Amino acid sequence: MSVKEQELSPMQSGKPQHWFISDIQLMMHGMGDCNKPLHESAVLVEEITHQQIITVLHRALEVASLRGTKTLGLEDFLFLMRKDKVKLRRLLRYMHLKDKKAQLHKASSLDEEDATETDIKPATTGRRRKTCYEFLSSIDQTGELCALFEDEEEDEIKYERCYQSQRAELTSRCMDPQQYLEFSEARCTNFSEYNKGIQPPSNMSFAVARQRSLETGFSGLEAEVKPNQYALEVLSY
């Protein structure tokens, strides 16, 4: 079955689950919408996002099938993004930051257990970065992909989005303290991390809701493929 035949709207497989309406409304507000965006607009955004995840999943599953594995991993998404150097560079930087964050947490826990009496040393190269490098080097015939690991070129799209931050700063000048607090919270909301100031959807933890939302993309698939931790991180990002 081709990708196009498999790509179905969430509405075609029954009533979709909407777990992130309140989060999306906050994101919309943080992007410049009114402080209470329409519920229908947030539903539409979530369904579009869900459909995009399903599309990416089907394409990644085809790559995983070619690799002969039943685990959807980071490698499958790297292969899909190999021709878009900007997005690939952005993903590599994000994975590197995830590694750094994991190393800091590990170092912090070692300090609490008196690491001076142990032989454990923090890893100099994170697992995510190592996985990315090993896979990209195996398919890189020109050296362009591996060069992205040391590429410090400015992300033009991110630079353009800085103008939006300037607009947000100008907008916040007219707010009272309560409005500014709500706006600041909205600006920090995203799909990757749980904002402690937000009530988790359906009284679930944010991590559980996010994972359930992502895993709904696997429903109805013929292949028995499960995503690993890194695959879920890529989808969340």
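User: What pattern does the protein follow when read along the sequence?

Analyst: The model is a predicted one. Its order of elements, read along the sequence, is α-α-α-β-α-α-α-α-α-α-α-β-α. This comprises eleven helices and two strands.

User: How much of the protein counts as buried, and what belongs to its accessible surface?

Analyst: Of the 237 residues, 35% count as buried. The accessible surface comes to about 15,700 Å², and carbon and sulfur atoms hold 52% of that area.

User: What share of the contacts joins residues 24 or more positions apart?

Analyst: Among contacts with a separation of 6 or more, 63% are between residues 24 or more positions apart.

User: Why is Gln103 called buried?

Analyst: Gln103, a residue of helix 5, has a relative accessibility of 19%. Buried means under 20%, so Gln103 counts as buried. Its C-alpha atom is separated by 7.8 Å from that of Gly126, which is 23 residues away along the chain.

User: Why is Gly32 called exposed?

Analyst: Gly32 is found in the loop between helix 2 and helix 3. Its relative accessibility is 58%, and exposed means over 50%; therefore Gly32 counts as exposed. Gly32 and Arg167 are 135 residues apart along the chain, with their C-alpha atoms separated by 8.5 Å.

User: What makes Leu80 partly exposed?

Analyst: Leu80 has 34% relative accessibility. Partly exposed covers the range between the buried limit of 20% and the exposed limit of 50%, so Leu80 counts as partly exposed. Leu80 is placed in helix 4, residues 74-80. Setting aside neighbours within four places in sequence, Leu80 is in contact with Val56, Arg59, Ala60 and Val63. The C-alpha atoms of Leu80 and Arg59 are separated by 7.7 Å, although these residues lie 21 residues apart along the chain.

User: How do you know that His18 counts as partly exposed, and which residues does it touch?

Analyst: The relative accessibility of His18 is 29%. This value lies between 20% and 50%, so His18 counts as partly exposed. His18 sits in the loop between helix 1 and helix 2. Not counting residues up to four places away in sequence, His18 touches Val43, Glu46 and Glu47. His18 and His50 are 32 residues apart in sequence, and their C-alpha atoms are 9.8 Å apart in space.

User: Why are helix 6 and helix 11 called roughly perpendicular?

Analyst: The axes of helix 6 (residues 127-139) and helix 11 (residues 229-236) cross at roughly 90° and come within 12 Å. Angles of 65 to 115 degrees count as roughly perpendicular, and therefore the term applies to helix 6 and helix 11. Arg127, Arg128 and Thr131 of helix 6 make the contact with Gln229, Tyr230 and Glu233 of helix 11. By class, this contact has one nonpolar, two polar and three charged residues.

User: What makes helix 2 roughly perpendicular to helix 9?

Analyst: The axes of helix 2 (residues 21-30) and helix 9 (residues 177-187) come within 7 Å and cross at roughly 105°. That angle falls in the range of 65 to 115 degrees, so helix 2 is roughly perpendicular to helix 9. In this contact, Leu26, Met27, His29 and Gly30 of helix 2 meet Phe183, Glu185, Ala186 and Arg187 of helix 9. The residues divide into four nonpolar, two polar and two charged.

User: Which residues of the largest nonpolar core touch the most other members?

Analyst: The largest nonpolar core has 25 residues, and those touching the most other members are Leu72, Leu78, Leu92 and Leu136. Helix 3, helix 4, helix 5, helix 6 and helix 11 each supply at least two residues of this core. Leu92 touches Leu78, Cys132, Leu136, Leu148 and Phe149, with residues up to four places away in sequence not counted. A second, separate core has eight residues, including Ile21, Ile24, Met27 and Ala42.

Methods
Residues numbered from 1 in each chain as written. Predicted model: local features only at pLDDT ≥ 70, side-chain atom pairs only at ≥ 80, totals over all residues. Heavy atoms only, no water. Helix = DSSP H or I, 4+ residues; strand = E, 2+ residues; numbered from the N terminus. Buried < 20%, exposed > 50% of the residue type's maximum accessible area, 1.4 Å probe, protein only. Contact = heavy atoms within 4.5 Å. Areas by Shrake-Rupley, 256 points an atom, 1.4 Å probe, with all protein chains shown as cover. Axes fitted to C-alpha atoms, helices over the stretch in contact; angles between N-to-C directions. Parallel < 35°, antiparallel > 145°, perpendicular 65-115°, else oblique. Nonpolar A, V, L, I, M, F, W, Y, C, P; charged D, E, K, R; others polar. Core = buried A, V, L, I, M, F, W, Y, C linked by side-chain atoms within 4.5 Å.
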